[in-house]
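Dear colleague,

Please find below the structure that I am passing on to you. A short account of the findings follows it.

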Amino acid sequence: MKLPFLLLPLGLALTLPADAQKKTSSLPEFQIKKSETEAHIRFLAGDELMGRRTGEQGNFVAARYIAEQFRKLGVVPVPGNAETGTSSYFQRVPFEKMGANGAGEIAADAEIMKSGTDWILMAGDAVDLKAPLVYASFGLENAAKSWDDYKGLDVKGKIVLVESGTPETQTPSEIIATSTEKRKIAQDKGAIAVIELFNAPIPWNTVSKFFAGEKISLAEGSAAKSIPHAWVNGKEAKFARALRAVKEVTFKTSGRVAKPVYSYNVAGYIPGTDAKLKEEYILLSAHYDHVGVGKQGGQTYTPEDSIFNGARDNAFGVTALLTAAEALAKNPPKRSIVIVALTGEEVGLLGSKYYASHPIMPLNKCIFNMNSDGAGYNDTTIVSVMGLDRTGARAEIETACKAFGLGVYADPSPEQGLFDRSDNVSFAKEGVPAPTFTPGFKEFNGDIMKNYHQVTDHPETVDFNYLLKFSQAYTYATRLIADRKTAPQWSAGDKYEPAAKKLYGK
Ligand SMILES: [Zn+2]
């Protein structure tokens with residue numbers, strides 16, 4: 001009597017979990033081979049790709065590789081991607097590349113100011129001017145704030161002298177934000193050049209080092225020619241004094257030529273299996289660009305090794321993305337998946353910024369962004385997740401990592417503000433819960449810095465066992481989130497929660 005009675009539930013207890021386990025481990029992400037992930041990172045971070053700098057040949061080759069992997073894996077172009085035709089994986093991103101600061105000289109009476117040391121040209125072609133100088137205070141017009149700095153001034157055919165920032169603030173970000181506006185206002189009023197006295201409380205050396213090099217920005221709006229615009233070191237009292245005193249200056253510069261360049265975000269789509277939930281999607285992202293070669297890298301290099309390979313940053317994350325592409329295309333989850341390999345991250349998160357303002361599928365149907373990016377790792381027993389406790393999917397991420405023997409560490413090095421330093425922030429700002437899944441570290445120490453943006457970030461030094469597990473965990477976490485009944489939500493009170501309310505209308 002007892003025996004059969006006992007056997008039945010015991011038998012069930014034994015077979016059910018075993019079946020469930022069998023089912024889980026038969027998912028495609030559990031079958032990925034180490035050689036597949038190793039091949040991706042070795043290709044993307046190979047010397048031949050020359051550091052994948054945005055808009056350069058190695059960058060295009062990486063984009064092509066990713067697109068053709070999508071094709072091979074059965075990931076289709078996002079429906080309605082009309083940017084470059086009906087069936088393209090590419091989203092063309094327009095950039096403007098401005099050359100480095102050149103030679104030049106501004107003279108106010110006996111005071112001679114040299115380009116590069118005393119001032120930098122922010123925009124404009126070569127000129128050799130001698131013209132009247134008109135002081136226009138902050139050079140701003142804002143009726144709401146009663147700023148009317150051009151009142152009673154005629155600046156037509158003249159050079160305008162302005163202070164940096166606003167009457168209210170001299171923070172670097174405010175100076176940068178208002179500087180272009182000042183140039184536009186002056187240009188609209190017929191001025192032929194702008195001299196701005198730069199007065200932020202930061203060392204001039206830092207400013208000139210940062211702004212004097214080649215700069216890439218998004219080319220949005222009109223590409224109208226700009227008048228020359230100089231930032232003069234305003235904290236050098238003699239310069240400020242001389243410029244404020246004179247009625248005429250000479251302004252000579254070899255110019256900074258801006259030319260249009262472009263690159264691509266590479267986007268693919270996997271339709272979901274649930275009749276209703278497939279209308280929603282999860283956005284997977286990882287940037288594939290890096291910093292380039294030699295001087296472009298901004299760090300030490302040698303003639304023997306001058307290529308910034310960017311294996312960890314971020315061929316590693318792209319490998320996770322391609323692993324997800326393979327496994328999720330083979331066995332799709334309930335919700336749809338949009339996969340975007342992003343360009344332009346290293347030049348200011350520009351590829352994601354562009355994508356967020358030109359999404360190929362409506363962002364209010366995007367319930368979650370799982371970004372992968374990394375500086376490096378020093379702990380291969382964990383995955384670190386920026387925003388783990390803010391974005392509502394801790395349980396799924398933990399389950400997925402555990403399935404591959406990995407722990408999860410939330411928000412390493414909080415002092416670095418890492419959540420807001422990768423592409424996830426472009427989507428978070430729109431309201432999409434968007435963590436960054438990053439190779440394991442708890443603090444940003446020397447082990448990380450050894451490779452971070454260095455020529456030593458080679459694929460040969462990557463732990464391929466860890467790369468495989470990381471990529472599998474990323475994929476499985478995505479699947480678990482895509483199969484959830486309800487969409488993950490920002491933690492109550494999060495700074496991006498208001499944006500989410502606006503995006504999703506609830
Ligand atoms: Zn990166």
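What is the geometry of the site of the zinc ion, judged by the angles among its 4 donor atoms? The site is irregular, with angles of 50 to 153 degrees among those donor atoms. A tetrahedral site would require all angles to lie between 85 and 135 degrees. Please bear in mind throughout that this is a predicted model.

**The zinc site**

The protein donors are NE2 of H287, an OD atom of D313 and two entries for OD of D373. These donors lie 2.0 to 2.8 Å from the zinc ion. Along the sequence, the donor residues follow the spacing H-x25-D-x59-D. D313 belongs to helix α7 (residues 311-330), whereas D373 sits in the loop between β18 (366-372) and β19 (382-386), so the pair ties together parts that are 60 residues apart in sequence.

Are these two aspartates, D313 and D373, buried or exposed? D313 counts as buried because its relative accessibility is 4%, and D373 counts as buried at 7%. The cut-off for buried is under 20% relative accessible area.

**Backbone features**

D313 also takes part in a cis peptide bond, which joins it to N314 with omega at about 5 degrees. N314, like D313, is placed in helix α7.

Two residues other than glycine have a positive phi: L349, near 55 degrees, and H453, also near 55 degrees. L349 is located in the loop between β17 (336-342) and α8 (350-357). H453 is located in the loop between α11 (446-449) and α12 (464-482). L349 is buried, with a relative accessible area of 15%, and H453 is buried as well, at 13%.

**The second largest pocket**

The second largest pocket has a volume of about 320 Å³. It is lined by 18 residues, of which A487, P488, Q489, Y504 and K506 are the closest to its centre. Which element gives the most to the lining of this pocket? Helix α13 (residues 497-504) does, with 4 residues.

With kind regards

Technical notes
Residues numbered from 1 in each chain as written. Predicted model: local features only at pLDDT ≥ 70, side-chain atom pairs only at ≥ 80, totals over all residues. Heavy atoms only, no water. 1 Å grid on protein atoms, 1.4 Å probe; cavity = no way out; pocket = protein on both sides within 12 Å on 5 of 7 lines; lining within 4 Å. Points joined across faces, edges and corners; volume = space filled by probe spheres on them. Helix = DSSP H or I, 4+ residues; strand = E, 2+ residues; numbered from the N terminus. Donors = N, O, S within 2.8 Å, 3.2 Å for Na, K, Ca; no water. Tetrahedral: all angles 85-135°; square planar, octahedral: opposite > 155°, others 65-115°. Buried < 20%, exposed > 50% of the residue type's maximum accessible area, 1.4 Å probe, protein only.
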